[in-house]
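Welcome! Please take a look at the sequence and the model below, and then let us walk through the salt bridges together.

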Amino acid sequence: MKTALVCGGGGFIGGHLINRLKKEGYFVRGVDLKENEYGNDKADEFVIGDLRDSHIAEEVVKGMNEVYQLAADMGGAGYIFTGDHDAAVMHNSALCNLNVLDAAEKAGVQKIFYSSSACMYPEYNQLDPDNPKCSEDSAYPAAPDSEYGWEKLFSERLYFAYQRNTKIKVKVARFHNIFGPQGTWTGGKEKAPAALCRKVAESDNGSFIEVWGDGKQTRSFLFIDECVEAVRRLMDSDFSGPVNIGSEEMISINDFAKMVIDISGKNISIKNIPGPTGVRGRNSDNKLIREKLGWEPSLPLRKGMEITFKWINQQVQQKVSII
Ligand code: NAD
């Protein structure tokens, strides 16, 4: 039986990845500071532990063929672009990466996956909302717009250095805005798709929702199932990356908000207010994933958002009925 460790298994993507690995017949161990908030993991073993502690990392990698390192101190724009969490984001995530990778290599783990982010791409290529450039080879000269992005870039280099200097095989993906059910939707760490769903679900007909920035900033969003599919395909391939895992269906944030309102069937308007927004434009470039994996995500954004809105709407209604 193949064995896999999912670091950050208490989180959104980690929980879904655990379930996917279980379906494929793996023995799965999860590790996280916390249990999965929505009970969304079916791991054989789940360790509550802090990966900033090297001893914990050494314990959890034991006996594992594969490691998926998704643990990070992260959140949406309200968390990583305000500057208030910069030291914690860099310190905590770098320590998790240093400890897990070193422990995995020493324990003889064959392959390790690392979740980097599109936030490592240089800001100067993302100033035009209609024409952002995020091909994998455009990373340098480096100029991410957040410390979160700088930490991701450092850790990508760390993983490739281990691949060059030791026997461990690494796989590095740059995720572009992953969304879906069982993700953070409230509390300050939620990202744009979940935040918009929550705002719309909490609003009455005839009211408005607040959208940060002028709403002309663009992004693409990838549904969780396709993210997990891409991770597994990358892990089983001969390719190390770095490779974008994202959608090429770019949309402005105001049009995205209108899509959510339309899905809800409510009559709600949009009010643009000042707020942290990140770069002006960003879109995945899927040329490399098509070429290397012979596959790319294809689910239309609207389909994924219909599923996600339904789930967040249920969470909001449950919360209202408890109050
Ligand atoms: P998440 O916050 O839901 O999951 C991360 C998990 O890591 C959390 O459960 C957290 O408790 C855990 N963690 C943090 N510090 C830890 C520590 N010291 N020890 C043990 N566990 C710790 O985030 P997610 O959306 O599931 O993201 C997973 C990975 O993908 C992260 O590395 C993130 O940076 C990356 N990523 C995500 C997106 C996205 O859109 N969700 C985009 C780009 C990159």
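## A linked network

Arg20, Glu24, Glu229, Arg232, Arg233 and Asp236 are joined in a network of salt bridges. A salt bridge here is a side-chain nitrogen of Lys or Arg within 4 Å of a carboxyl oxygen of Asp or Glu. By this rule the count comes to 21 salt bridges.

## How to read the model

This is a predicted model, in which local features need pLDDT of at least 70, side-chain atom pairs count only at pLDDT 80 or more, and totals for chains, interfaces and linings use all residues. Residues are numbered from 1 along each chain as its sequence is written, and side-chain values use heavy atoms, with hydrogens and water left out.

## Pairs that tie parts together

Lys2 and Glu66 meet through their side chains in a salt bridge (4.0 Å, N to O). Lys2 sits in the segment before β1 (3–7) and Glu66 in strand β4 (residues 66–69), so this pair ties together parts that are 64 residues apart in sequence. Strands (E, at least two residues) and helices (H or I, at least four) are DSSP runs, numbered from the N terminus.

Asp262 and Arg302 form another salt bridge, with their closest N and O atoms 2.9 Å apart. Asp262 belongs to helix α8 (residues 253–264) and Arg302 to helix α10 (residues 301–322), so the pair ties together parts that are 40 residues apart in sequence.

## Buried or partly exposed?

Buried means under 20% relative accessible area, exposed over 50%, and partly exposed in between (1.4 Å probe, protein chains only). Glu66 is buried at 3%, while Lys2 is partly exposed at 41%. Asp262 is partly exposed at 48%, and Arg302 is partly exposed at 31%.
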